[in-house]
Amino acid sequence: MVHAQTLADPVLQVEHRTRYSEAHNTMQTPTFEQLALPLLPSLYSHAFWLSRNHAEAEDLVQETISKSLRAFDSFQSGTNFKAWIFRILRNTFLTSRTGIAASRTVFLEDHLDLLETSDDSPTPEDHLIRLDNQAAVNEALDQLQPPLREVLLLCDVEEMKYKDIALVLDVPIGTVMSRLARARRALLQLLQTQLRKTL
Amino acid sequence: MTQTIQDTDHLQPNDLSAFIDGELSAADARDVQQHLETCHRCALRVVTMTQLKAATARAGERFAPSPDALARLAAQLRPQAPKQSQQTARVIPLRPSFRPIAAWAALAAAILLAISLIGWREVRRSNALAAELLDQHLATLSSGSTPQVISTDRHTVKPWFQGRLPFSFNLPEPDALPPDTTLRGANLVYLEGQPAALLIFSIHRHEASVFLTPRTSSFTISSQSTRSGFTVRSTTAAELRLMAVSDVNPTELNALVTALAKVQ
């Protein structure tokens, strides 16, 4: 009843229509450019971590953009665009010359399960590590095995949820979880080794 | 997962990671929180892992694209763009000056874009810095952590920093501080890899952390914000930047920051 009255009022009708069309506009699917532009610094930074080379990082992002532009029709709006485009970036890297060379040595997933890091998380000695020493953490992250570093970057730097990381890496969520725990453990071990050297 | 948390005495590594990443279900997170209230060892592990996560985020953000590279990549986002400009150039062949204008316009657009992206990055950095301040503040609150200098005497605290910091600061007389506000001690800390003085105050029964850095440091942070229920306040005085974090009410935190700013 109230609703009918409201709509009978011509002024309110106009307002109603304006509001409706505003809502309609914001519901329009964002363009590729709108989605990708804010991610450029992240894509570049991640590409650099994968390839460890600035020129190559730019090439990788260029190629990622053209691939994802072509495949944009297959992107389902409402799903996570960042995970989708990071997955394309990762596959672009793995099929690049550096990526193929790397996968022969360190990026091979089978290798990863053989990498033994002990299972326990921080021990009392870990609290002696100066985590406020940023230079030490930078060095440790540089030394970390690439597959472990990759998952850590997606989680801590790109702030992706586990389910999105699982999508990027094409592994189950459980694997993301255990790999992250292992990556953090390995990072602490590297920091500990550094500490012992300086003492 | 609930089972592993309840069945064993301490947090499993996977659960610890998932907890600091905010990936546990509400029920599991509650179980972990309950355990942390009684287990000092696991609480310390959580603090360590949270600091490690923040440090990893900073270490991972080192490699930003140059403005040139960013502009080139942004230009690539519009597939039709190069085609359109070619067409326009062909349609108006009698105005050779058009091309330079278009080039300048494109350059201007690229510069504006780079600036806006830098702005966006700054916002993100400012959030990262606020998170770092809060982490440091929580670390000083955690039981078992003692300040490197424990003293209420400004004549002890200030000289302790000599030779440890590349700058100097002043501390007010105790009676120039707001009521029921006491200096507890100080720490030397690092913010985004740069040394800073951390002064620990108690206001009534609340703790407040005040960070002092040179004004020239490239920190970007909004003058007042709240984060997880804590107030973060930032101001500059003379050559210094003061940043304060506490759960005390914002007016009293402001009073402390003002008293400190006044003597610089």
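View 1. Residues are numbered from 1 along each chain as its sequence is written, and chains are lettered from A and ligands numbered from 1 in the order in which they are written. In this predicted model, local features need pLDDT of at least 70 and side-chain atom pairs pLDDT 80 or more, while totals for chains, interfaces and linings use all residues.

**View 2. The packing geometry of H12(A) and H4(B).** The axes lie 11 Å apart and form an angle of about 85° (lines fitted to C-alpha atoms over the stretch in contact, with angles from 0 to 180 degrees between N-to-C directions). The two helices are therefore roughly perpendicular to each other (65 to 115 degrees).

**View 3. The side of chain A that touches chain B.** Here 44 residues of chain A are in contact with 39 residues of chain B. The largest share of this side of chain A, 8 residues, comes from H12(A). The side divides into 27 nonpolar, 8 polar and 9 charged residues.

**View 4. The helices and strands of chain B.** Chain B has 9 helices and 7 strands (DSSP runs, H or I of at least four residues and E of at least two, numbered from the N terminus).

Technical notes:
Two residues are in contact if their C-beta atoms, placed from the backbone, lie within 7 Å. Ala, Val, Leu, Ile, Met, Phe, Trp, Tyr, Cys and Pro count as nonpolar, Asp, Glu, Lys and Arg as charged, and the others, Gly among them, as polar. Angles under 35 degrees count as roughly parallel, over 145 as roughly antiparallel, 65 to 115 as roughly perpendicular and the rest as oblique.
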